[in-house]
Structures are given as structure tokens and as C-alpha cells.
Amino acid sequence: MEQIQNNLVRMLYYLLEDHHGDEFVMAFSRIISMLTGLRSLTENYLRQFKSICKDTLIKREMPELLGFLFDE
């Protein structure tokens, strides 16, 4: 998996360098920053999802809420 990620990052780097000239470093930095932010957002979502799904009150009193919010 790490090798695949490394190859993808290198390809992105070279594509940006080819298409953006001198500005490619800034574009590369922005994209990596955005991807890092998306990863954090996903991790936070999963944490909240697990917390809500474990809540016995919600499971007992409002099970339809879990289905509505999370398509379960």
C-alpha cells in the first residue's frame, strides 16, 4: 500500500510540474494539504459515527435516526 501511495504522489508531483511550471510546488502543497484535511474529516466522522451507534438511548428510543443519518 505504501508503494502505491508513493507512486501516486510522485505521479501527481510530475503532472503538476509539467502543467503548472514554476507554480507547481504551491499547487502540490495545496493538494496535499487538502487531502490531509479530508483524511482528518473522515477520521472525525468515523469517530462520531461509532460514538452515536454505541449510544444505547439512541438505539433504544430512536433507531430510525441511525438509519436516516447513516443509511443502515
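This is a predicted model: local features need pLDDT of at least 70, side-chain atom pairs count only at pLDDT 80 or more; totals for chains, interfaces and linings use all residues.
1. Ground rules. Local features need pLDDT of at least 70, side-chain atom pairs count only at pLDDT 80 or more, and totals for chains, interfaces and linings use all residues. Residues are numbered from 1 along each chain as its sequence is written, and side-chain values use heavy atoms, with hydrogens and water left out.

2. Aromatic pairs. The structure holds 4 of them. Rings of Phe, Tyr and Trp (its six-membered ring) pair if their centres lie within 6.5 Å; planes under 30 degrees apart are stacked, over 60 edge-to-face, the rest tilted. Tyr 13 and Tyr 14 pair edge-to-face, at 5.9 Å centre to centre and 85° between the planes.

3. Tyr 13 and Phe 24. This pair is edge-to-face too: 5.1 Å between centres, 85° between planes. The pair links distant parts of the chain, with Tyr 13 in helix H1 (residues 2–20) and Phe 24 in helix H2 (residues 24–54), 11 residues apart. Helices here are DSSP runs (H or I, at least four residues), numbered from the N terminus.

4. Ring pairs join Tyr 13, Tyr 14, Phe 24 and Phe 28 into a cluster. Tyr 13 is partly exposed at 31% relative accessible area; Phe 24 is buried at 11%. Buried means under 20%, exposed over 50%, partly exposed in between (1.4 Å probe, protein chains only).

5. Helix H2. Its buried residues are Phe 24, Ala 27, Phe 28 and Cys 53.

Technical notes: Helices (H or I, at least four residues) and strands (E, at least two) are DSSP runs, numbered from the N terminus.
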